[in-house]
Amino acid sequence: MNDTSPDLILQTAAGFMMSKHLFAANELGLFEKLADQPLTLDELAKDLSIPSRTARITADAMVALGFLEKQDDRYRNSSVSQTFLSGKTPADLRPFLRFWNHISYPQWLHLEEALRTNRAVRGDVDLDPDQQRIFSEGVAAIQAGPAHALPEKYDFSRHRKVLDLGGGVGEYLMPILDRYPQLEGTLFELPSVTEVAKDALAANPVGSRINIVAGDLFEDAIPEDHDALILANVVHYFDYARNLELLRRIRERVLAGARVLLVDFWTNPQHTEPLFAALMAGEFLTSVGGDVFSEEEAKGWFRETGWEYVQTIPLEGPISLVVGKAI
Ligand SMILES: C[S@@+](CC[C@H](N)C(=O)[O-])C[C@H]1O[C@@H](n2cnc3c(N)ncnc32)[C@H](O)[C@@H]1O
């Protein structure tokens, strides 16, 4: 007799409910309200300005998922929500949940269409200024871990000037320059993002050592005179052929010996592991027509565009660094 259980189907199908419950609790400010003390249901409802019945629905779902604990008649944050979602620590993932709730979640409604047409349904390039801020601050929040790991795990002391291409709001450059006082940095980004980046860099002491250049990687001149180029979470915007063009374009702007640092969700050759990367291929496809790539594919770009593979360094979670050297 076949004893296969349907559990995998049910667990996976319920994934969207878990996500949306978490996003809604974050938007309501549930974890912030519980940051300082446990609250009863009525206190919580009053603080959230919602009815008791719906406060119970969101709070109990969060208990079931492990984001809250309920003791007697009081709710409290669990350790994970107190650390990352209460707004009380520097490790703040609230902007990341806002990004996925406001931008990614609506885009995923169009996954089938993107799969059928092999195209993005609505590109990140169409974001209005408010959405752009939510997007860029959300990416910066979720990349904070690998961004802080990079200067710990890769030795920048051989370098003089670092150019971060598609560098967001400077989330990778800031920890690098903080750790290496001899370095200067350049942030190259689309004009809509440089507007957000100016605020983030102005608020950081190393911001004054970072020059901001607005431009498009494929349309505008890539700044010269840098000996380390970062492409963090950028190649997944493009297909294989477009990345060949990108690697070729940037190779023309550096001298032999310069390094290119490709930070991304590198997969196994079958693109099935890590799980998070295999899922993120859907995010990149629906949002910008992009994809995930294996380390072998990165080595293929290097071979064809004047770079030599040097090493791979795991950073944090599913994010790792593939290093190339200009030959
Ligand atoms: C996923 S974000 C990564 C940001 C940052 N590098 C990080 O890892 O946290 C990708 C960035 O690439 C930028 N980008 C995409 N296409 C670009 C292009 N053609 N020219 C310049 N920047 C581009 C986007 O504006 C976006 O900020």
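Reply: Gladly! Let's begin with α2 and helix α5 (residues 52-65): their axes come within 10 Å and cross at roughly 125°. Axes here are lines fitted to C-alpha atoms, for helices over the stretch in contact, and angles run from 0 to 180 degrees between N-to-C directions. Please keep in mind that this is a predicted model, where local features need pLDDT of at least 70, side-chain atom pairs count only at pLDDT 80 or more, and totals for chains, interfaces and linings use all residues. Residues are numbered from 1 along each chain as its sequence is written.

Me: Why are α2 and α5 called oblique to each other?

Reply: Angles under 35 degrees count as roughly parallel, over 145 as roughly antiparallel, 65 to 115 as roughly perpendicular and the rest as oblique. The crossing is at roughly 125°, so α2 and α5 are oblique.

Me: What makes the contact between α2 and α5, and which classes do its residues fall into?

Reply: Met 18, His 21, Ala 24, Ala 25 and Leu 28 of α2 meet Thr 58, Ala 61, Met 62 and Leu 65 of α5; contact means C-beta atoms, placed from the backbone, within 7 Å. The contact of α2 with α5 has 7 nonpolar, 2 polar and no charged residues. In this scheme Ala, Val, Leu, Ile, Met, Phe, Trp, Tyr, Cys and Pro count as nonpolar, Asp, Glu, Lys and Arg as charged, and the others, Gly among them, as polar.

Me: How do you describe the packing of α2 and α7?

Reply: The axes of helix α2 (residues 15-28) and helix α7 (residues 94-108) come within 9 Å and cross at roughly 120°. This pair is therefore oblique, and α2 passes α7 in a left-handed crossing. On the α2 side are Leu 22, Phe 23, Asn 26 and Glu 27, facing Arg 94, Leu 97, Trp 100, Asn 101 and Tyr 105 in α7. By class, the α2 and α7 contact has 5 nonpolar, 2 polar and 2 charged residues.

Me: What makes α7 and α14 roughly perpendicular?

Reply: Their packing angle is about 90°, with the axes 9 Å apart, and that makes α7 roughly perpendicular to α14. Ser 104, Gln 107 and Trp 108 of α7 touch Gly 282, Glu 283, Thr 286 and Ser 287 of α14. This contact divides into 1 nonpolar, 5 polar and 1 charged.

Me: How do you know that the chain agrees with a compact globule?

Reply: For 327 residues, a compact globule would have a radius of gyration near 20 Å, and the chain has 22 Å, which agrees. The radius is taken over C-alpha atoms, and the globule rule is 2.2 Å times the number of residues to the power 0.38.

Me: Which residues are closest to the ligand?

Reply: Of the 19 residues that surround the ligand, the closest are Gly 166, Gly 168, Leu 217, Ala 232 and Asn 233; a residue is near when its C-beta atom, placed from the backbone, lies within 6 Å. The shell divides into 10 nonpolar, 6 polar and 3 charged residues.

Me: What makes Ser 49 and Pro 274 worth a look in the backbone?

Reply: Most residues other than glycine have a negative phi, and most peptide bonds are trans. Ser 49 is not a glycine, yet has a positive phi of about 60°. The peptide bond from Glu 273 to Pro 274 is cis, with omega near -5°.

Key. Helices (H or I, at least four residues) and strands (E, at least two) are DSSP runs, numbered from the N terminus. A crossing is left-handed if the near helix is turned anticlockwise from the far one by less than a right angle, and right-handed if clockwise. Two residues are in contact if their C-beta atoms, placed from the backbone, lie within 7 Å.
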